[in-house]
Amino acid sequence: MPKSDLKEYRVWDKPTRWFHWINAISVLGLIGLGLIILYAKEFQIGPAGKILLKEVHIWFGYVFAINLFIRLIWAFFGNRYSSWRGILPGGKGYVRAVQDYIGGASHGQPKHYLGHNPLGRLSVTLLFALLFAQAVTGLVLAGTDIFFAPFGHWIAQWIAADGVDPSSLLPGAKEMYDPVAYDEMRAFRKPFITTHYYAFYAISAMVVLHILAVVVTEIRSGGALVSAMFTGRKILSGPVEDGDVSDGEG
């Protein structure tokens, strides 16, 4: 392909790029720690080691949750590719755009998009929903498991036995808990941990699919997808479906 056929476009703004890499690092860290915690018995990790792992997992979770909430807010202020209108599926002509994109891709001639392509918008929306669910349920579980903020104070007050200072509660020290309140808390916790468990596997699967999609797209269409998340710029040849003059070089 002649170099003159290539054109560089400004696409991803700086806050979006920062979110992407912080999210990638924190999610991979959470997945790794989550697997170790889930199979603690198989790894012969005792109660103290499991609590330490949960503490590290929660600190990764704080970074993940804060980064995610900032990104969700930035979607109201970011550029056209980082904003909600560039992320959420739907709108006039969306179904037709999906059909055209699938048709082009099936014939080895996918249409070029600077932002998320029509199918990509579906997957990104689903991923954001899963990440949000994981963040919320994780913050609740941080309180029920080891009394971490933001809900740990209230959980401790709920289950502390008579005469026990809630601030002195220790994870796993059931002799410090009111048995009835503890059982009530465990029932309250159950839907959160179930959601957290299944969302964990769904996110893990989507991470694998995302990496595969990037590799396939780079091989088939180019566009410098990986480098674009460092530089903010994509390099493409031919027409793009969601660009205008202001997106070009400059």
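**Aromatic pairs and a helix crossing in a predicted model**

Visitor: Why is Phe-132 called partly exposed?

Guide: Phe-132 has a relative accessible area of 40%, and partly exposed lies between buried, under 20%, and exposed, over 50% (1.4 Å probe, protein chains only); Phe-132 is therefore partly exposed. This is a predicted model, in which local features need pLDDT of at least 70, side-chain atom pairs count only at pLDDT 80 or more, and totals for chains, interfaces and linings use all residues. Residues are numbered from 1 along each chain as its sequence is written, and side-chain values use heavy atoms, with hydrogens and water left out.

Visitor: What makes the rings of Trp-158 and Phe-188 an edge-to-face pair?

Guide: Their centres are 5.7 Å apart and their planes stand at 65 degrees. Rings of Phe, Tyr and Trp (its six-membered ring) pair if their centres lie within 6.5 Å, and planes under 30 degrees apart count as stacked, over 60 as edge-to-face and the rest as tilted. The pair is therefore edge-to-face.

Visitor: Why is helix 3 called roughly perpendicular to helix 4?

Guide: The axes of helix 3 (residues 94–106) and helix 4 (residues 118–146) come within 8 Å and cross at roughly 110 degrees. Angles under 35 degrees count as roughly parallel, over 145 as roughly antiparallel, 65 to 115 as roughly perpendicular and the rest as oblique, so helix 3 is roughly perpendicular to helix 4. Axes are lines fitted to C-alpha atoms, for helices over the stretch in contact, and angles run from 0 to 180 degrees between N-to-C directions. Helices (H or I, at least four residues) are DSSP runs, numbered from the N terminus.

Visitor: How do you know that the span of helix 2 agrees with its number of residues?

Guide: The expected span is 1.5 Å times one less than the number of residues. The 28 residues of helix 2 (residues 47–74) should therefore span 40 Å, and the end C-alpha atoms are 40 Å apart, which agrees.

Visitor: Which residues form one aromatic cluster?

Guide: Phe-19, Phe-76, Trp-84 and Phe-128 form the cluster.

How values were computed:
Helices (H or I, at least four residues) and strands (E, at least two) are DSSP runs, numbered from the N terminus.
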